[in-house]
Amino acid sequence: MTKPPSDIDIELRMLVEAVYLKYNYDFRDYTGASQKRRVVVAMRAMECETVSSLQARVMHDPAAFAQLLQFLTIPVTEMFRDPDYYLAIRRQVVPFLETYPSLKIWVAGCSTGEEVYSLAILLQEEGLLERTLIYATDINPASLDAARRGVMPLDRMRLFTENYQKAGGTRAFSDYYTAAYGGALFDRSLVENVTFADHSLATDSVFAETHFISCRNVMIYFNRRLQNRVLGLFHESLCHRGFLGLGSKESIDFSTYAQRFEPLARRERLFRKVGA
Amino acid sequence: MTASTITDRALQASLQGRRIEAVVIGGSAGGVDALLQLLPALPAGYDLPVVCMLHLPPDRESRLAELFDERLPLPVREATDKGDIEAGTVYFAGPGYHLSVEQDRTFSLSCEPPVHYARPAIDVLMASSADAWGPGLVGILLTGANHDGADGMAQIRARGGFTVVQDPADAQVGVMPMEAIRRCNPHLVLPLARIGALLPMLENYKS
């Protein structure tokens, strides 16, 4: 038995509809519970009494929308998060990637860049970075700017270093950054071949053929319909027998694409496109 | 109401008129032992879903679902993103992600920042469950050493759900139940043994 929607649920639906119509950011197929929490946090931070009053402000003030966007997206991530994932890329994906003369990799939903820099470091150590073009995409322009800057908080370096070592890193992690701008500034050569771009998995289409797509802890915020759309984009973008990496609790089982990818490393959530 | 001697009949009286749809149980320090005592009270074919959350170290695979699956007469699973929530199944939250219940009564995971230093946080699970099930929800909070869960229990109570807190004197660590009692004025404060008596009764009040 489903209940009638509560006031706040009605207001939330109206807010995301307004944001879509006005700013063309499509949060309509995001899962409700976490979106609601984030809107409530935004409401408090932006000193609005109700979601409706937040909506009114956002409607008439693009700056307020830019502020709300920072709450709606989730820039919580870390470098080499789930080290086993990166270890599995080294051992099970890199041997295939090595066979291509040039590579295209898509980091979808790259947030503030932690994963981009992690992958770039891995590729450099495997001798692949020079011939790789990385597309790092996100919907949040502030996150993309942070990703471009490549300055990580110093107090996170201990965790990132530990992760890096567990992920099969072959050098001293500190080789990759210098202390600057009150943080750890990552080596610019890592992102020489990275294109940071605004791209929405909810509304945009495929822009390139890629060999490997990494999209981690992004689809958990989407309902099944949007997850399906996104897997469709990935399937279309990936080359014959291309590789897909997801977050450690994400699954393709519920999607119509379940049969079109095969698991390569089940626990690490690495998949490979099934041949035609 | 606090009583280690509360009778079955009094427990039943407290549930009178309820239409229960789901049970959510939270705990932290001492929680594994508490659940090992509590969950075996569930019979096979129990007619409600039971969702359990204990605080876990973030970077390790959780073996809780396996551990309890071997010991209980009903299936025990780790809650999966977008997974259905079925009656007769005990679910455990995995490490490293918040666990929520959506309006359509499926699970969802998220990487929002920790709450009370915890991810998964009991507050997040309980607040979203209160949204999804409203008066149909029973929230149970057990032993623990921090304040997570108190807010979630208060939200369950505010949405008309039924709230049960382990008696702090009976808990391995009383901090968590004490804070919940302070915040949510629970319907029942019971020692673990009596929560064990309550649990199988709940399905008789299924909506």
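Predicted model: local features only at pLDDT ≥ 70, side-chain atom pairs only at ≥ 80, totals over all residues.

Residues are numbered from 1 along each chain as its sequence is written, and chains are lettered from A and ligands numbered from 1 in the order in which they are written.

**Stop 1: select chain B.** Colour chain B by secondary structure to find 7 helices and 9 strands (DSSP runs, H or I of at least four residues for helices and E of at least two for strands, numbered from the N terminus). Its C-alpha trace spans about 45 × 35 × 30 Å along the principal axes.

**Stop 2: select H1 and H3 of chain A.** Helix H1 (residues 7-23) of chain A packs against helix H3 (residues 51-60) of chain A at an angle of about 10 degrees, with the axes 9 Å apart (axes are lines fitted to C-alpha atoms, for helices over the stretch in contact, and angles run from 0 to 180 degrees between N-to-C directions). H1(A) is therefore roughly parallel to H3(A), a label for angles under 35 degrees. To see the contact (C-beta atoms, placed from the backbone, within 7 Å), show side chains including A:Leu12 and A:Leu15 of H1(A) and A:Leu54 and A:Val58 of H3(A).

**Stop 3: select where the chains touch.** Here you will find 16 residues from chain A and 18 residues from chain B. On the chain A side, helix H2 (residues 32-45) gives the most, with 4 residues.

Technical notes. Contact = placed C-beta atoms within 7 Å. Parallel < 35°, antiparallel > 145°, perpendicular 65-115°, else oblique.
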